[in-house]
Amino acid sequence: MKPNQIEMLKETASQTAGPYVHIGLAPKQAGFDIFEKNFTNVLIGPDTRGERIRVEGRVIDGSGTPVRDVLIEIWQANAQGKYQHPADRQNKDLDKDFRGWGRGCSDFETGIYTFDTIKPGVVEGRNGRPMAPHINFWIVARGINIGLNTRMYFSDEVDANAKDPVLNLIEWEVRRKTLIAQRSEKDGQVVYRFDIQLQGPEETVFFDI
């Protein structure tokens with residue numbers, strides 16, 4: 001190729017997440033049974049310690065329409081506030097029956113996603129500062145070029161949330177509420193509702209990590 005030809009090349013169009021995300025990462029959602037073991041939206045086992053909860057919600061676009069093909073991954077600490085990862089050097093107990101990571105999709109009809117897990121404990125952050133109980137989210141869907149990262153906090157942890165170092169980095173206090181999941185009960189089960197707004201005046205706070 002001659003040097004002057006390089007200037008004529010155009011940038012390749014970006015590729016958004018499409019149907020192959022589900023086939024490769026959540027095949028059962030797409031109607032395929034191709035893996036011996038599948039990652040699921042259930043993080044707990046019969047002996048997992050802690051308060052069992054369900055996290056549910058919808059991912060909503062700028063027009064107010066639920067995104068019905070979204071894929072979400074979450075990771076969190078256990079009930080003691082320790083991550084199932086060697087980089088977590090806190091002097092706390094691991095829970096062998098808790099995976100700490102899950103993958104799920106929104107329902108193709110309703111747009112609702114769910115995760116069955118436990119409420120995490122307080123995690124020791126940088127400089128020993130405690131972080132309020134929270135769950136980390138990664139969101140990808142058709143039309144999203146780069147996965148979005150955010151956090152979910154708990155409405156019944158008011159005091160801990162007020163001191164959380166990450167929440168306090170959000171300069172506009174009114175925006176912090178977009179990261180707070182609301183607690184309720186359905187059929188005797190604790191449910192935290194966490195809707196994620198991709199655009200608009202109520203847009204969820206996303207983190208560049």
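**Close-up views of a predicted model**

**View 1. The lining of the largest pocket.** β8 contributes the most residues to this lining, three in number. β5 (123–124), β7 (134–140) and β8 (148–154) each provide at least two lining residues. Strands here are DSSP runs (E, at least two residues), and helices are runs of H or I of at least four, numbered from the N terminus. This is a predicted model in which local features need pLDDT of at least 70, side-chain atom pairs count only at pLDDT 80 or more, and totals for chains, interfaces and linings use all residues. Residues are numbered from 1 along each chain as its sequence is written, and side-chain values use heavy atoms, leaving out hydrogens and water.

View 2. The pocket has a volume of about 610 Å³. A pocket is an open set of points on a 1 Å grid over the protein atoms alone, with protein on both sides within 12 Å along at least five of seven lines. Its lining residues have an atom within 4 Å of a point. There are 20 of them, and G125, R126, M131, R151 and V166 lie nearest the centre.

**View 3. The largest cavity.** A cavity is a set of grid points where a 1.4 Å probe fits but cannot get out. One cavity of 30 Å³ or more is counted. The largest holds about 40 Å³ of space. Volume here is the space filled by probe spheres set on the points, which are joined across faces, edges and corners. Q76, A77, N78, K82, Y83, Q84, L94, D95, F98 and G100 line the largest cavity.
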